[in-house]
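Please keep the display in view while reading.

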Amino acid sequence: MTRPVFKRFGERPRFPAPLWLLISCFTASLFFMLFQGGKLASMLFIIITLLAIYLLAGNWSGIRRTQGTRKLSIQGQDAQLEAGQSLQIGIGVQIPGFWPIPYMIIKDQFIRQSGEETIFEGSLIPDWKRRGELLYSTPPLRRGYYRFGDTECLTEDIFGFFQHKGRLELQQSVTVYPQTVAIREWAQFHQMLKGMQHHSTTTRAHRETTQINGVREYIYGDRLSRIHWNATAKTGTWKSKEFERESLPKTIILLDRSARAYGDAAEFELAVSVAASLFRYGSGRDLALGLLSIGKEATYFEPKQSQNHHKHILKHLVGVEADGFRSLQQILKEHSRELPAGCFFVLISPQKGSVMMQVLTQLEHLQMNPCHMWIHAEPSHAFKLQGAVQENAKDDWIKAIRSQGYMGYEVSQLTDLPNLLGGAKRYA
């Protein structure tokens with residue numbers, strides 16, 4: 001395979017202007033020494049020759065063969081990075097060679113899943129071992145998947161004539177989970193379970209059946225009737241019988257991803273955070289939670305009591321966008337066969353009015369217990385004169401839901417969710 005020397009006939013390779021200037025100075029000093037002679041001409045020729053050697057030797061400065069590593073650390077004690085947190089990044093470099101490098105500029109590329117690109121730039125001064133480290137922090141990150149692109153290294157000579165570049169491929173990905181808030185207790189949810197003859201939502205408080213599920217280690221205080229004598233005799237250690245527990249009513253959370261329903265991106269982020277907080281609450285109490293997320297693609301997670309199941313749902317919530325176009329009634333009609341009867345159905349949506357009331361009625365006809373988490377993010381530029389009108393509108397919609405016997409909550413800020421579910425009076 002042959003490579004063309006020039007793209008077009010008569011086209012010549014282009015040299016940078018500083019290189020032409022250096023060649024011109026060297027040629028002029030050489031002619032000056034040859035035709036004029038003397039100590040001054042010789043000294044000038046020697047100085048320009050040394051400078052030319054120094055400048056041209058920068059092509060072998062070693063920056064193109066720079067080696068580096070990237071370290072990530074999260075601000076805070078949690079190992080999981082949530083939306084609103086910053087990421088501390090450290091880039092360590094090792095420059096081979098002997099050419100003196102006064103400083104180095106590093107440009108790090110940070111790319112979000114949507115294609116949004118951010119360039120972080122900083123400088124460092126290598127030590128006598130030609131090593132250096134650059135530390136920087138990102139601004140508060142949004143929910144989503146991120147990856148690092150190529151890291152560019154730049155340096156110049158002491159005169160600033162030539163710029164030398166190197167490139168590091170430190171591919172790494174970062175996952176920013178939705179922002180969550182800790183919910184101590186969902187009081188109304190507990191009351192509903194008690195009404196269905198369930199005493200608690202935790203696995204330990206589930207009533208046990210007479211069906212043996214396996215053998216477990218003996219726990220101090222177990223009755224003699226629970227001891228598994230055959231397993232104890234075979235192993236030489238005390239073993240107890242493990243009975244199956246009654247299953248709690250399943251809970252399904254529907255996240256409204258309709259593009260027309262949300263006023264801005266912040267309102268949709270609030271909806272995703274509310275959903276993630278509910279799954280965090282259910283994961284800590286071993287609740288059987290499922291998710292129905294309909295956007296451009298339909299995603300349905302069946303209710304299960306598994307930590308891995310909750311992790312898969314959280315990973316799905318990382319990348320969701322408000323890109324849906326189907327109505328809630330159409331979604332329920334298409335997936336009505338997959339939804340278990342008698343489940344507790346939580347609907348997270350900013351929609352209200354007659355359309356939402358029809359959806360709640362449709363859920364009741366499907367023998368489900370509906371609950372509406374009304375997402376209503378308050379705009380920061382709202383006028384004080386409109387505050388009373390907006391507050392009345394909120395109260396009217398919540399009263400309209402509860403008057404029909406449905407559970408309903410108005411969520412305007414994520415920090416208000418624990419008090420809304422647990423009761424502001426109880427945890428004040």
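## Strands, helices and annotated segments

Strands S11 and S14 run parallel and are joined by five bridges. The structure is a predicted model, in which local features need pLDDT of at least 70, side-chain atom pairs count only at pLDDT 80 or more, and totals for chains, interfaces and linings use all residues. Residues are numbered from 1 along each chain as its sequence is written, and side-chain values use heavy atoms, with hydrogens and water left out.

Helices (H or I, at least four residues) and strands (E, at least two) are DSSP runs numbered from the N terminus. Two strands are said to pair if DSSP finds at least two bridges between them.

Together with helix H8 (residues 354-365), S14 and S15 make a right-handed β-α-β unit; right-handed means that, with the strands pointing away from the viewer, the path from the first strand over the helix to the second runs clockwise.

How many residues of S14 (residues 344-349) are buried? Six of its six residues are buried, that is, under 20% relative accessible area, where exposed is over 50% and partly exposed lies in between (1.4 Å probe, protein chains only). Phe 344, Val 346 and Ile 348 point one way from the strand, while Phe 345, Leu 347 and Ser 349 point the other way.

Two helices can be set against their expected spans, defined as 1.5 Å times one less than the number of residues.

| Helix | Residues | Expected span | End C-alpha distance |
|---|---|---|---|
| H6 | 307-318 | 16 Å | 17 Å |

H5 is largely enclosed by the rest of the structure, because 15 of its 20 residues are buried. Just after H5, Asp 286 takes a positive phi of about 55°.

In H6, the buried residues are His 309, His 310, Ile 313, His 316, Leu 317 and Val 318. Their cover includes H5 and strands S6 (144-156), S8 (172-176) and S11 (251-256). Ser 306 caps the N-terminal end of H6, with a side-chain oxygen 3.4 Å from the backbone nitrogen of Asn 308.

Finally, an unreviewed UniProt entry lists residues 17-35 and 41-63 as "transmembrane region"; such annotations may be inferred rather than shown by experiment. In the model, residues 17-35 are 100% helix and 0% strand, whereas residues 41-63 are 70% helix and 0% strand.

Methods:
Contact = heavy atoms within 4.5 Å. Polar contact = N/O pair within 3.5 Å; in protein donor to acceptor, adjacent residues only side chain to side chain.
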